[in-house]
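Dear colleague,

I am passing on the structure below, followed by notes on what was found in it. Please read the notes with the coordinates open beside you.

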Amino acid sequence: MSTTTIAIAVDAHGLRVVGHAGQARHWLVYACEPGRALSEPERVVLDKEQLPHHFKDDGPHPLHGVNVMVVGSAGDGFIRHMAAWGATVLLTGETDPRAALEAVLAGQALPDPRFDVTATLCKLRDLFSRH
């Protein structure tokens, strides 16, 4: 069986999916195997230097190896950067991390992302991004 690793950007309490993924410090990381019950997620808290907006790709990263990232919003640079890591980024308007995870695992479409002014600013920044 193949394990799929899904990381969800969340608030500090792990209760809500958050946007601006390049600045997200808190992540719930699930190791999912077909036919097996979900285990509790690993909680990952990134240091400032580990935030994708700041990380220089000069060493290991706690989110390396993740297959899917679920976030409320992200710029094109973040999406390209994560693709280079081998991860697919899914944007969603779903605020409940567990509901978002269950939708992904069921192959269901996620609700459209909410408007996030920081995503618009990220798109402008991404025009000049190294990614």
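**Overall layout**

From the N terminus on, the order of elements in the protein is β-β-β-β-α-β-α-α, which comes to three helices and five strands, where helices (H or I, at least four residues) and strands (E, at least two) are DSSP runs numbered from the N terminus. This is a predicted model, in which local features need pLDDT of at least 70 and side-chain atom pairs count only at pLDDT 80 or more, while totals for chains, interfaces and linings use all residues. Residues are numbered from 1 along each chain as its sequence is written, and side-chain values use heavy atoms, with hydrogens and water left out.

Of the 131 residues in the protein, 40% are buried, where buried means under 20% relative accessible area, exposed over 50% and partly exposed in between, with a 1.4 Å probe and protein chains only. The protein exposes about 7,300 Å², of which carbon and sulfur atoms supply 54%; the areas come from the Shrake-Rupley method with a 1.4 Å probe, and for residues only the protein chains shown count as cover.

**Strand 1 and its partners**

Six of the seven residues of strand 1 are buried, so this strand is largely enclosed by the rest of the structure. Strand 1 runs antiparallel to strand 2 and is joined to it by seven bridges, given that two strands pair if DSSP finds at least two bridges between them; threonine 5 has alanine 31 in strand 2 as its bridge partner. With strand 4, strand 1 pairs in the parallel sense over three bridges, and isoleucine 6 stands opposite valine 68 there.

**Valine 18**

Valine 18 is placed in the loop between strand 1 (4-10) and strand 2 (26-32), and with 21% relative accessibility it counts as partly exposed. Leaving aside neighbours within four places in sequence, valine 18 is in contact (heavy atoms within 4.5 Å) with residues including Val10, Ala24 and Val71.

**The aromatic pair**

Rings of Phe, Tyr and Trp (its six-membered ring) pair if their centres lie within 6.5 Å, and planes under 30 degrees apart count as stacked, over 60 as edge-to-face and the rest as tilted. By this rule there is one aromatic pair: the ring centres of phenylalanine 55 and tryptophan 85 are 6.0 Å apart with their planes at 90 degrees, so the pair is edge-to-face. Both phenylalanine 55 and tryptophan 85 are buried.

Best regards
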